[in-house]
Each structure stands twice: as C-alpha cells, then as structure tokens.
Amino acid sequence: MTKSFDELIAKLDGCPLKKVSVAVAQDAPVLEAVKVAKERNIADAILVGNEAQIREIAADIGMDLSGYEIINEEDITEAARIAVSLVHEGKADMYMKGSIDTKGFLKSVLDKEVGLRTGKPLSHVCVFDVEGIDHLLFLSDVAFIPYPTLEDKASIIHNTVEICHACGIPNPKVAPLAAVEVVNPKMPVTLEAAELTKMNEEGKITGCVVDGPLSLDLAICPEAAQHKAGATDRKIVGDADVLLFPDIHAGNLVYKAMVHTANMVNGNLLTGTKAPVILTSRSDSVDVKVNSLALGAVVADFMKKAN
C-alpha cells in the first residue's frame, strides 16, 4: 500500500515517462512545476500557448526549453482545444490547466470532438499526505459538485476508488461523512450515507468498503473510535482512506483547514475523464502542482495497463 507522496513518486521508477499537455502554458508557477517534474523524471510536457510569453517566463525562472515541444497558439480557446486534442489522440498522457480560466478549461475537457468526456459525472479528488496519519487520505468532492445527489455520491466513490487503486490501495475504506455516526431521519445526509453503505453491501458499489454515516473523528482517528461506544464494531475504525463529503461546503472547509494548519503535502486531480486532468488553482503552490503531476502520471500509467 502506498503511504506517502514519496512512495507514490517512487512508483514511477521504471515506468515509461509520461507526457502532460499544458493548455495556455504561459504561466510561471505551472512552468516551474513542469520544470521540476521533468528534472525529477515525473513527467515530460508539451507546452501549448503563446510561445514568446512562454520563452520569456522560462528565461525568468531559469528553465531550459530546448527539450520541450512548444506549439505556438496565441488564442486561448484554440490553445486549450489543441492541448486537449493531444491527449484525446494519445500524443500525451494527461492534461493540465495553465493560464486559462477554469470555465474555459473545462469546456475543452468536455469538447465533444476532441475532449476527454466519458459520459460519467466528473468529480475532484484531493490526495493528502498528512503528518500523524500513516496512509494517504483521499478527499472528495471539495471543488466540483456543489450539492451531490445520492447518484452523484455513488459516482464520486467510483471515481475516487479508481484513483486509490492506481495508487496501490486495492480495497480502500470509504467514509461518507456526517455530523453524527447514526442514521437520523431529520438529517438527510445520514440517510444517504446509509444507502451508500447498503449499495456497497449489495455489490452496486464495488472495489472498496463503504461505512457510513461516520463523523470525521471516527473516520480518521483510531483513538476517538476506541472511546466511542459501539464504534469499534464498525468497518471503519479511524482508518478511512476516503472521506466522502456531504456537499462542497463541508469538503472545501476541511480542505482549506488542512492546507493552512496541518503539516502535509497534497495533490489534486479531476476524475471521470478518459485521462488524468490536472486542475489546480492559482493559489496552489508549485509543490502542489508537482504532486498533482506525479498523481496524474501514476493514474495515467495505471489506466494504460488496464486497457
């Protein structure tokens, strides 16, 4: 089982070097992340965008572009379309957002002709390596689906479990979170969590163990579970791999609390697509972008071997 980002990156040793297609690549943090990823043999890149601006930024950050393929396209929309088509055609293994707004980037992902749509709902997965937790922690959805329905949550679990499998976690434990760990008819979130658990028991959700509803402390803290009556009889006893949030508010608040207060590293992916999509925000550090590239490369390798 992969327990850290260092172990995750080590999984790439001996694998063919994956290639990321960057849409509108004239973005300093993104280019710096691409530079680090290539230096660490995580991924190579094709840079699509305004070549003059790409070269100017590269000179500022000390990036040698001699080994990169650059496709000059000054129009942002067309640059994204070209970049995503490279992945669609198998000329690149994953797709990354550069200096383009999220709406425009997602439009290219969903392009009917050259995009990466599969017909499945898309969702966002954040992977955390947190000091004090002895395994990787997968959070979803904190950024994409505002108010997921029961069907959406089943899809989120499916998407996230695929990422877990790619990361070497064969049977991840999924905790549908709520404020309490018992079913309360006045709290619809708990009803949906119980239904997801039932769907897992009936074989409608596979490749994982689902146990909900669970409060956050019982999901990630074994000590808290030991002190709660009946908690040790659960399938998850403070050892959840996946935290499934009831809505984007809960997920985003936990995500930002962890980012700004915990000693951790993390990476993010958009899932439910034909190939890994690296959708990071401008506020994300270069390290987050590099980790996201590593996560994408591991998932891309897993997807190729599965096909």
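Predicted model: local features only at pLDDT ≥ 70, side-chain atom pairs only at ≥ 80, totals over all residues.

In helix 2, Ala28, Leu31, Glu32 and Lys35 meet Ile54, Ile57, Ala58 and Ile61 of helix 3; contact here means heavy atoms within 4.5 Å. By class, this contact of helix 2 with helix 3 has six nonpolar, no polar and two charged residues.

Residues are numbered from 1 along each chain as its sequence is written, and side-chain values use heavy atoms, with hydrogens and water left out.

I turn to a second pair. Helix 6 (residues 150-166) and helix 7 (residues 188-201) pack at an angle of about 50°, with their axes 10 Å apart. Helix 6 is therefore oblique to helix 7; angles under 35 degrees count as roughly parallel, over 145 as roughly antiparallel, 65 to 115 as roughly perpendicular and the rest as oblique. Leu150, Lys153, Ala154 and Ile157 of helix 6 make the contact with Glu192, Glu195, Leu196 and Met199 of helix 7.

Finally, is Leu8 buried or exposed? Leu8 counts as buried because its relative accessibility is 0%, where buried means under 20% relative accessible area, exposed over 50% and partly exposed in between, with a 1.4 Å probe and protein chains only. Leu8 lies in helix 1 (residues 5-10). Leaving aside residues up to four places away in sequence, Leu8 touches Thr2, Cys167, Leu295 and Val298.

Methods: Axes fitted to C-alpha atoms, helices over the stretch in contact; angles between N-to-C directions. Helix = DSSP H or I, 4+ residues; strand = E, 2+ residues; numbered from the N terminus. Nonpolar A, V, L, I, M, F, W, Y, C, P; charged D, E, K, R; others polar.
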